[in-house]
Amino acid sequence: MATLKQVAAHADVSVQTVSNALNAPHRLRPDTLQRVTRSIELLNYRPNRNARSLRTSAVELIGYCVPSWQGGQAHLVMDQFLHALCAAAESTGRHILLFTAPAGADGMSVYDDLHARRLVDGFVLSQTETHDPRHGWLKDKRIPFVSFGRVWKETTQPGPYVDVDGAAGCATATRHLYDAGRRRIGFLGWPRTSGLAEDRLAGWRDTCQELGLPTDGLAVHCAEDTFDEGARGAASLLDATEPVDAIVALSDILALGALRELTRRGLSAGSDVALTGFDDSPLASVVSPALTTLRQPIDLIAHELINILTGPAGDEPTERLLKPELIVRGSSAPG
């Protein structure tokens with residue numbers, strides 16, 4: 001392959017000018033930049049990634065640990081996120097290196113090895129937890145990182161993050177159901193140990209209270225995010241002395257489980273009981289009736305993560321909370 005010196009000689013400029021064309025093109029006159037760019041293309045020059053990142057502290061190759069899910073099943077929303085993250089990185093001339101690692105402290109040796117061998121310059125984290133060991137280790141090593149998701153139950157966030165405002169999303173869904181004439185709105189969530197679950201639960205609960213709607217006994221905490229648990233939770237809400245006329249589910253999976261239970265009982269989602277989910281997974285639009293749900297701005301999340309990770313330190317806010325969009329479909333048709 002061509003070297004930096006060969007490109008400089010071909011374009012009849014200095015090595016520094018070629019470096020500026022690659023790293024700071026705004027410093028060059030348009031005609032000079034065009035000439036250098038032409039030489040780079042003709043000689044098929046490819047910068048040495050390791051040398052460049054060592055010299056400029058730039059984040060060129062980004063590591064992302066692929067999460068493992070219960071039972072080895074795919075997670076539909078995170079699959080979309082992974083595709084969006086790769087596309088966002090590639091739009092800036094960077095790439096994502098995927099790897100796996102054990103959860104918690106047991107996985108830190110993988111992160112250490114990847115960075116020590118200069119295979120990656122920074123990391124995007126997901127599935128962050130309270131007192132997550134990755135944050136402190138990456139800070140101590142001064143390795144750039146950003147998290148998809150907040151860390152719950154800590155007074156301050158341990159690093160930059162991009163997240164979706166789940167409380168605002170569930171509040172929007174609850175108001176939508178209220179506007180459709182529903183007055184006894186139940187909630188299907190996860191165990192209280194989940195910060196994300198508590199956040200979305202608060203959005204439903206606070207909005208019900210603002211609207212003068214009951215909440216006592218109307219929140220069911222499902223043990224797992226599965227169809228069966230969604231069906232079980234819906235059954236308990238429907239078997240109450242005063243059954244619900246609407247359900248806000250924390251996820252599409254729970255909502256689809258609830259839809260299955262409604263069908264089993266001969267009830268119609270949208271007319272008998274209104275139903276909403278969260279995530280706008282691919283299944284949401286193919287069931288009948290189609291599921292009203294909250295769509296996470298996956299592409300925007302990915303771009304914001306890459307912008308924070310690769311942008312100049314201190315130039316941009318490093319905590320970004322994005323609102324989901326309510327996608328109204330047949331499962332919440334006015335009663």
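How many residues does helix α9 have, and how far does α9 reach from its first C-alpha to its last? Helix α9 (residues 195-210) has 16 residues and reaches 22 Å, close to the 22 Å expected at 1.5 Å a residue; the expected span is 1.5 Å times one less than the number of residues. Welcome to a predicted model, in which local features need pLDDT of at least 70, side-chain atom pairs count only at pLDDT 80 or more, and totals for chains, interfaces and linings use all residues. Residues are numbered from 1 along each chain as its sequence is written, and side-chain values use heavy atoms, with hydrogens and water left out.

- Helices (H or I, at least four residues) and strands (E, at least two) are DSSP runs, numbered from the N terminus.
- The buried residues of α9 include D199 and R200 as well as L201 and W204; buried means under 20% relative accessible area, exposed over 50%, and partly exposed in between (1.4 Å probe, protein chains only).
- Those buried residues pack against α8, β6 (185-189), β7 (219-221) and β8 (246-249).
- On the α8 side, T174 lies in the helix spanning residues 166-179 and counts as buried at 0% relative accessibility.
- Leaving out residues up to four places away in sequence, T174 touches I185, W204, T207, C208 and V248, where contact means heavy atoms within 4.5 Å.
- Just after α9, G212 takes a positive phi of about 75°.

**Nonpolar cores**

- A nonpolar core is a set of buried Ala, Val, Leu, Ile, Met, Phe, Trp, Tyr and Cys residues joined through side-chain atoms within 4.5 Å.
- The largest core has 62 residues, and F81, L85, L188, I301 and L305 touch the most other members.
- Helix α5 (residues 76-90) gives the most to this core, with eight residues.
- Not counting residues up to four places away in sequence, L85 touches Y64, I96, V124, A302, L305 and I306.

- Strand β4 (residues 145-148) pairs with β5 in the parallel sense over two bridges; two strands pair if DSSP finds at least two bridges between them.
- S147 has Y161 of β5 as its bridge partner.
- Strand β11 (residues 319-322) runs parallel to β5 and is joined to it by four bridges, with D163 standing opposite L321.

**Around R295**

- R295 is found in strand β10 (residues 293-295) and is partly exposed, with a relative accessible area of 35%.
- Its side chain makes a polar contact with the side chain of D280 (2.6 Å); such a contact is a pair of N or O atoms within 3.5 Å, where within protein one must be able to donate a hydrogen and the other to accept it, and residues adjacent in sequence count only if both atoms are side-chain atoms.
- Beyond its neighbours within four places in sequence, R295 is in contact with residues including D279, P324 and R329.
- The C-alpha atoms of R295 and L326 are separated by 6.3 Å, though the two residues are 31 apart along the chain.

**Cysteines**

- The count comes to zero disulfides, taking a disulfide as a pair of cysteine sulfur atoms within 2.5 Å.
- For C65, the nearest cysteine sulfur is that of C86, 14 Å away.
- C222 is buried, with a relative accessible area of 0%.
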